[in-house]
Amino acid sequence: MGGVNCPPGQLNPDSPEVMGEYVRQLARYCSSLFGAASKFFAANALIEEAILNGENIDGVLTLLTECGDSFVEAQSHLGSVSALWSTITDEETDFAIQIENLGQIVETVRNSKMELEVLTDPSCLQESIWSNPDITEGLSEVIEKLSIILGWQTEFAKNSVLAHAS
């Protein structure tokens, strides 16, 4: 989904500095968002590798920490995008819902990490995960929230690009 960012439809040509800052903040937001998603899926792949190889999950915990941090960065940058958006276009966009979704996913990632932190025996990792339904529930909830977040981003991009092209 590279390049899924959003030019405003009706640009304010009198503020190239603001437009430049909008572009920078939008790129930072997208980079943080897609980086967080990538780290989350990398953590899940690493869980499976740990199960296959009887390894510990220290790398998983690190990736989940980085994932949560990247979602926080995305949330911060989107707040800046939202503020700049209103100065460069008359289009209405509900950034608040996406900012709220990002806050919720941060909490869910952190809770999932805490559930995984108690798993210390690599020899029975799969059994430990299966015996704690909160782990599967938490990781599944992250995927569901991520689908909502990426769906919002996709619609924002498509609507903005199409409005700009008209």
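Of the 166 residues in the protein chain, 40% are buried, where buried means under 20% relative accessible area, exposed means over 50%, and partly exposed lies in between, with a 1.4 Å probe and protein chains only. The model before you is a predicted one, in which local features need pLDDT of at least 70 and side-chain atom pairs count only at pLDDT 80 or more, while totals for chains, interfaces and linings use all residues. Residues are numbered from 1 along each chain as its sequence is written, and side-chain values use heavy atoms, with hydrogens and water left out.

Let me turn to the overall architecture. The protein chain contains five helices and zero strands, so that its elements read α-α-α-α-α from the N terminus on, given that helices (H or I, at least four residues) and strands (E, at least two) are DSSP runs numbered from the N terminus. If a contact is taken as heavy atoms within 4.5 Å, then among contacts between residues at least 6 apart in sequence, 81% join residues at least 24 apart. The accessible surface comes to about 8600 Å², and 54% of it belongs to carbon and sulfur atoms; these areas come from the Shrake-Rupley method with a 1.4 Å probe, and for residues only the protein chains shown count as cover.

I come now to the aromatic residues. A pair of aromatic rings is described by the distance of the centres and the angle of the planes. Here rings of Phe, Tyr and Trp (its six-membered ring) pair if their centres lie within 6.5 Å; planes under 30 degrees apart count as stacked, over 60 as edge-to-face and the rest as tilted. The count by this rule is seven aromatic pairs. In one of them, tyrosine 22 and tryptophan 85 have ring centres 5.9 Å apart and planes at 45°, so this pair is tilted. It links distant parts of the chain, as tyrosine 22 belongs to helix 1 (residues 16–53) and tryptophan 85 to helix 2 (residues 58–88), 63 residues apart. Are these two residues buried or exposed? Tyrosine 22 is buried, at a relative accessible area of 1%, and tryptophan 85 is buried as well, at 2%.

For phenylalanine 40 and phenylalanine 41, the ring centres are 5.3 Å apart and the planes stand at 75°, so the pair is edge-to-face. Phenylalanine 40 is buried, at 0%, whereas phenylalanine 41 is partly exposed, at 44%. Ring pairs also join Tyr22, Trp85, Phe95, Trp152 and Phe156 into a cluster.

Phe95 brings us to helix 3. At its start, a side-chain oxygen of aspartate 94 comes to within 3.2 Å of the backbone nitrogen of alanine 96.

Finally, a few remaining residues. Glutamine 153 lies in helix 5 (residues 133–165) and is buried at 0% relative accessibility. Its side chain makes a polar contact of 2.8 Å with that of tyrosine 29; such a contact is a pair of N or O atoms within 3.5 Å, where within protein one must be able to donate a hydrogen and the other to accept it, and residues adjacent in sequence count only if both atoms are side-chain atoms. Disulfides, meaning pairs of cysteine sulfur atoms within 2.5 Å, number zero in the whole structure.
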